[in-house]
Amino acid sequence: MSAERPWRTSPLRHPLVSGALLCALLCLVSLTAASDVPGRPPAPRGGDGVDVLRRAAHAGQDVPYEGMQSVTWWQSTPPRTELVEVVHQPETGTLFSPGREGAGAPGFLMGPAPLDAPHDDLFALLDANFQVRRVATEVVGGRAAVLVQATRDGSAPAARFWVDADTGLLLRREVYDLDGELAYSSAFLSIDLAPRSPDVAEPARRGQPWGNQLDSAELSRLREDGWRLPEGLGAGFALVEARSTGSGQDRVVHLSYSEGICLVSVFVQRGSLNGGEVAGLEPVEKDGAIVYAGGEAGPQRMWQADGFVYTVMADAPEQITGSLTHALPSPDGSGFWSRVERGADRLGSWW
Amino acid sequence: MSHLGERLSALVDGELGNADRERVLGHLARCQNCRFEADMLRAVKRRLRDLGPAEPSADFLGRLSAMTAPGTGPIDPPASGGFGSSPPLGSSRPVGSQWPGSFGRGARPSLAVDTTVPAEVDTARQRSVRAWPRWNRTRFAVAGASFVAVALSTAFMAGEEGASAPAVSPPLSDFAVEHAVVSKNASLPGPMTVPVPAPPAIPTDDASGRPGAADPR
C-alpha cells in the first residue's frame with residue numbers, strides 16, 4: 001500500500017502539504033511581521049553580573065569624572081577609531097568634545113537633568129536575554145576592574161564590560177555580533193575622578209529629549225489611526241520608550257527598542273521620500289523597493305512604506321540591525337514580491 | 001431464577017467490576033443456559049476479532065474510478081432501475097451485476113455475492129486501482145496549487161500601492177541627537193551615541209590585533 005502512495009513516506013513532497021505549509025508560512029510571516037503585541041518576556045536568569053552593571057549605570061550618573069575615551073568600530077573597512085574627551089558633573093551634565101586633533105572645537109552637552117531612566121526595564125531585558133556573569137578581575141587604565149560578560153544562548157559572547165572596582169564606573173565595553181565577532185568597543189584611555197567643571201558656555205549643541213512621552217493609551221490611539229508601532233522587533237528587542245514631537249502631519253514618533261545591551265531608535269512620520277536623495281545615506285534598490293542605508297557611527301536605514309517614512313538608527317552591530325528591520329513594514333516597491341510582502345504585512349496588521 | 005441478560009455481554013467484554021464479576025461467575029456455575037449463551041457470545045467476539053481491519057473493496061474503488069470515465073459511471077441509471085435501484089456506496093456488490101429486485105418495489109436484495117464479473121469491468125477495475133494514487137495526487141496537487149495561488153493573489157491585491165503621501169525630508173541630524181540623548185540615558189550607553197561634531201578619524205593600524213591601538217591596557 002505504501003508503495004502506491006509514496007507521499008506517505010515523504011509528506012513534505014506532497015503538493016497539498018507543501019502548499020498548505022507555504023500558506024501557513026505566509027500567514028505566520030504576516031502575523032509576526034505586524035505583531036504589535038509583545039510576547040511574554042523570558043524569565044530572568046539571575047546572573048551575578050547584573051548587579052555589577054546596575055551599579056555601573058548609577059555610577060555613570062552620580063560620580064563626577066573626566067577622561068579621554070576611545071571608540072573603535074571594528075567592522076568598518078578599515079577599522080576606525082575616534083577619540084572623545086568626556087567631562088561629567090552630575091549637576092551640570094556630560095560634555096563630549098573631539099579629542100586630540102579636534103581639541104578646542106565646541107562639544108556636545110547632554111543633561112544635566114536625567115531622563116526618567118528606564119533602568120529597571122533595560123536590566124530586566126538584559127537579565128532575560130543573556131547570561132550575565134562576573135568572569136574575572138583585570139586592570140584597565142591602571143585601575144582594578146571587574147569583568148562582566150553577557151553571553152548569548154550557545155555561549156557566543158554578546159558584550160563584555162569592565163567596571164571600576166572602586167567607583168563602579170564603566171571603564172571599557174565591547175559589543176559583539178551574532179557570530180561572536182567584535183563589532184565595536186569603547187574604553188577610557190585615562191580617567192580623572194576630580195574633574196574640572198565642564199565649559200558649558202557655548203557648546204556646539206545641547207541634547208534634550210523630545211518632551212512628549214507616549215504612554216500605552218496614546219500608542220494605541222496612534223495605532224488605530226494607522227501608525228505601525230510594534231511592541232518588539234524580535235531577537236529580544238522590546239519597546240522601552242516612546243516619544244514624539246510635532247503635531248498633525250508633522251508629527252514624528254520616536255520608538256526606542258533594546259534587548260538590554262544595544263539600543264535601536266525607530267523614527268516614524270507620515271509622508272513619502274519620492275525617490276529623492278537623502279544626505280549621508282546611499283539608496284539600495286531591491287525588487288523595486290528603495291532603502292537608504294549608511295551611517296558611519298552606527299547603522300542607519302530609511303525607507304517609505306504605506307504612507308509613512310521609517311528611519312532607523314542603532315547602537316548595534318550592522319548584522320543585528322539588518323535582522324531587526326524585518327519586523328517593520330516592508331518598503332514600498334513595484335516588484336511582484338515587494339507587493340506580496342507589503343500585502344502580507346497589511347493582512348497581518350488587519351488581523 | 002432470573003438470568004443474566006445484559007450483564008452477560010458485559011462479562012464477555014470485560015466491563016464488570018470485581019464484585020459483579022464474582023456474582024455473575026457464580027451464576028454461570030449454576031446455570032447451564034447462561035453458560036451456553038456466554039460461550040456463544042465469546043465465539044462471536046472471537047470471530048469478529050479475527051476478521052481484521054476493514055479495507056475498501058476492489059469493486060468500490062472500481063466504481064469510484066468509473067465515475068471519471070465518460071459514460072461508464074454508476075451515475076448512469078441502470079436499465080432495470082428506478083429510485084434506489086443502484087447499489088449503495090460502499091456496497092461490496094460488483095459493478096454491472098443486477099439486483100434481483102428493487103427496494104422501491106418492496107423486494108429484498110439477496111445477501112449472496114454475485115461473483116460473475118464481466119471481463120471489461122474487471123480490467124477497468126484493475127486499471128482504476130492502479131490509477132487511484134495518481135488521480136489522488138493530481139487532485140491534491142491542484143488543490144494545493146489553488147490554495148497557494150489564492151494566498152499569493154490575496155496578498156498581491158492587498159499590497160496595492162496607496163496614494164502618494166506628501167514628500168518629507170527626515171532631519172537626520174535631529175534624529176541623531178534624540179537617539180543619542182535617549183541612548184545616553186540608557187543603562188550602559190554605547191559608544192556610538194555621542195554625536196560629537198566631526199571628530200577626526202584615526203585608522204587603526206592593526207586590523208586583526210583587537211583591540212589594537214586603542215587598547216588602554
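**Exercise 1. Burial in the two chains**

How many of the 351 residues of chain A count as buried, given as a percentage? Work out the figure for chain B as well.

*Solution.* This is a predicted model, in which local features need pLDDT of at least 70 and side-chain atom pairs count only at pLDDT 80 or more, while totals for chains, interfaces and linings use all residues. Residues are numbered from 1 along each chain as its sequence is written, and chains are lettered from A and ligands numbered from 1 in the order in which they are written.

Step 1: a residue is buried if 20 or more other C-beta atoms lie within 10 Å of its own, exposed if 12 or fewer, and partly exposed in between, with C-beta atoms placed from the backbone. Step 2: by this rule, 46% of the 351 residues of chain A are buried. Step 3: in chain B, which has 217 residues, the buried share is 21%.

**Exercise 2. Elements and contacts**

*Solution.* Step 1: helices (H or I, at least four residues) and strands (E, at least two) are DSSP runs, numbered from the N terminus. Step 3: two residues are in contact if their C-beta atoms, placed from the backbone, lie within 7 Å.

**Exercise 3. Strand β9 of chain A**

Which strands are joined by bridges to strand β9 (residues 182–192) of chain A?

*Solution.* Step 1: two strands pair if DSSP finds at least two bridges between them. Step 2: strand β1 (residues 65–73) of chain A runs antiparallel to β9(A) and is joined to it by 8 bridges, with Val71(A) standing opposite Ser186(A). Step 3: strand β8 (residues 170–176) of chain A is also antiparallel to β9(A), through 5 bridges, and Tyr176(A) has Leu182(A) as its bridge partner. Step 4: β8(A) and β9(A) form a hairpin with 5 residues between them, and in the turn Gly180(A) has a positive phi of about 85 degrees.

**Exercise 4. One face of a helix**

Why do the buried residues of α4(B) line one face of the helix?

*Solution.* Step 1: in helix α4 (residues 58–66) of chain B, the buried residues are Asp59(B), Gly62(B), Arg63(B), Ser65(B) and Ala66(B). Step 2: seen down the axis of α4(B), these residues fall within an arc of 165 degrees (the arc of the directions from the helix axis to the C-beta atoms), so they line one face of the helix.

**Exercise 5. Confidence**

Where in chain B is confidence lowest, and where is it highest?

*Solution.* Step 1: pLDDT is the predictor's confidence in each residue, from 0 to 100. Step 2: chain B averages 65, and 51% of its residues score at least 70. Step 3: in chain B, confidence is lowest in strand β1 (residues 202–203), at a mean of 44, and highest in helix α2 (residues 18–30), at 86. Step 4: residues 197–217 of chain B have pLDDT below 50, and beyond near neighbours in sequence this stretch has 51 contacts in the model. Step 5: chain A averages a pLDDT of 79, with 77% of the residues scoring at least 70.
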